[in-house]
There are 2 protein chains.
Amino acid sequence: MASISETPEPPYYAVIFSSISSELDEGYEQTAELMETLALEQSGYLGIESARTNKFGITVSYWESEEAIKNWKAQVDHAVAQRRGRQQWYQEYAVRVARVERSYTFEADA
Amino acid sequence: MASISETPEPPYYAVIFSSISSELDEGYEQTAELMETLALEQSGYLGIESARTNKFGITVSYWESEEAIKNWKAQVDHAVAQRRGRQQWYQEYAVRVARVERSYTFEADA
């Protein structure tokens, strides 16, 4: 997960998931892995990026369309419900769905 | 920085800055702090979130308008140029400007 996603030219969509985990390590890692696994299988998936400083985590996933996000969310919700309540993993979280309008990148010379 | 930004109802804007730092610790922390300091002073600033796993960092800042982002970027570029080249801090980065269209939050009972 520790790499920058190779996304196409905008427009496309981003889901910004910011969280404070209540069970350090276990909860965040489990959910981040679950979200990534389910994303990889999903049509319209473009990439995922994740980072965490102590209990604070940010996961950004990239998508071709809102439809793809909706399908992914349904799968994540279902899987989380099957395991255990999201409230046990997180003290707090925010999900923001955004339309990427422009982007630029930098890469150092090798 | 390790808290979830209290943003208003959408629409508003997000700048997603994903980076791989070449100088571990120093470079990323310095730039993250610089970006945050300059953001706080900026009209239209709504919040900033940052996390890092080893060399991989994500900083998401939130803004009322594209105009506010433009002003902030000009200040960051100027400040970075005055210090030292961005290429010394980063091996690679991507900046994505996105319009937040919907959001939802969860907070555990105290």
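Trainee: How many residue pairs are in polar contact between chain B and chain A?

Mentor: A polar contact is a pair of N or O atoms within 3.5 Å; within protein, one must be able to donate a hydrogen and the other to accept it, and residues adjacent in sequence count only if both atoms are side-chain atoms. Between chain B and chain A the count is 25 residue pairs, both at pLDDT 80 or more. Some ground rules come next. This is a predicted model, in which local features need pLDDT of at least 70 and side-chain atom pairs count only at pLDDT 80 or more, while totals for chains, interfaces and linings use all residues. Residues are numbered from 1 along each chain as its sequence is written, chains are lettered from A and ligands numbered from 1 in the order in which they are written, and side-chain values use heavy atoms, with hydrogens and water left out.

Trainee: What is the secondary structure of chain A?

Mentor: Helices (H or I, at least four residues) and strands (E, at least two) are DSSP runs, numbered from the N terminus. Chain A has 3 helices and 4 strands. Their order from the N terminus is β-α-β-β-α-α-β.

Trainee: What share of chain A counts as buried?

Mentor: Buried means under 20% relative accessible area, exposed over 50%, and partly exposed in between (1.4 Å probe, protein chains only). Of the 110 residues of chain A, 51% count as buried.

Trainee: How are the two chains related?

Mentor: Two copies of a chain are related by a rotation about an axis and a shift along it. Copies are superposed by least squares on the C-alpha atoms of residues with pLDDT of at least 70 in both. Here a rotation of 180 degrees, with 0.0 Å of shift along its axis, puts chain B on chain A (RMSD 0.0 Å). That is the relation of a two-fold axis. The same surface serves both copies, as 100% of the contact residues of chain B recur in chain A.

Trainee: What area is buried between chain B and chain A?

Mentor: The size of an interface is often given as the accessible area lost when the parts come together. Buried area is that loss (1.4 Å probe), summed over both parts. Here it is about 4100 Å², and carbon and sulfur atoms give 59% of it. Contact means heavy atoms within 4.5 Å. By that rule, 45 residues of chain B are in contact with 45 residues of chain A.

Trainee: How many salt bridges does the rule find across the interface?

Mentor: A salt bridge is a side-chain nitrogen of Lys or Arg within 4 Å of a carboxyl oxygen of Asp or Glu. The rule finds 4 across the interface of chain B and chain A. Over all chains the count is 8. One of them joins the side chains of Arg96(B) and Glu49(A) (3.2 Å, N to O). This pair crosses from strand S4 of chain B to strand S2 of chain A. Both Arg96(B) and Glu49(A) are buried.

Trainee: Is the pair Glu66(B) and Arg102(A) within one chain, or where does each residue lie?

Mentor: The side chains of Glu66(B) and Arg102(A) meet in a salt bridge (2.7 Å, N to O). Glu66(B) lies in helix H2 of chain B and Arg102(A) in strand S4 of chain A, so the pair joins two chains. Glu66(B) is partly exposed, at 27% relative accessible area. Arg102(A) is also partly exposed, at 36%. Glu66(A) and Arg102(B) form a salt bridge too (2.7 Å, N to O).

Trainee: Is Ser18(B) buried or exposed?

Mentor: Ser18(B) counts as buried because its relative accessibility is 0%. Its place is strand S1 of chain B. The side chain of Ser18(B) makes a polar contact with the side chain of Glu49(A) (2.5 Å). Beyond four places in sequence, Ser18(B) touches residues including Ile4(A), Tyr62(A), Phe56(B) and Arg96(B).

Trainee: Which residues have the most contacts inside the largest nonpolar core?

Mentor: A nonpolar core is a set of buried Ala, Val, Leu, Ile, Met, Phe, Trp, Tyr and Cys residues joined through side-chain atoms within 4.5 Å. The largest has 28 residues, and Ile16, Ile58 and Val60 of chain A and of chain B have the most contacts inside it. Strands S1, S2, S3 and S4 of chain A and of chain B each give two or more residues to this core. Another core, of 21 residues, lies apart from it, with Leu34(B) and Trp72(B) among them.

Notes:
Buried area is the accessible area (1.4 Å probe) that two parts lose on being put together, summed over both.
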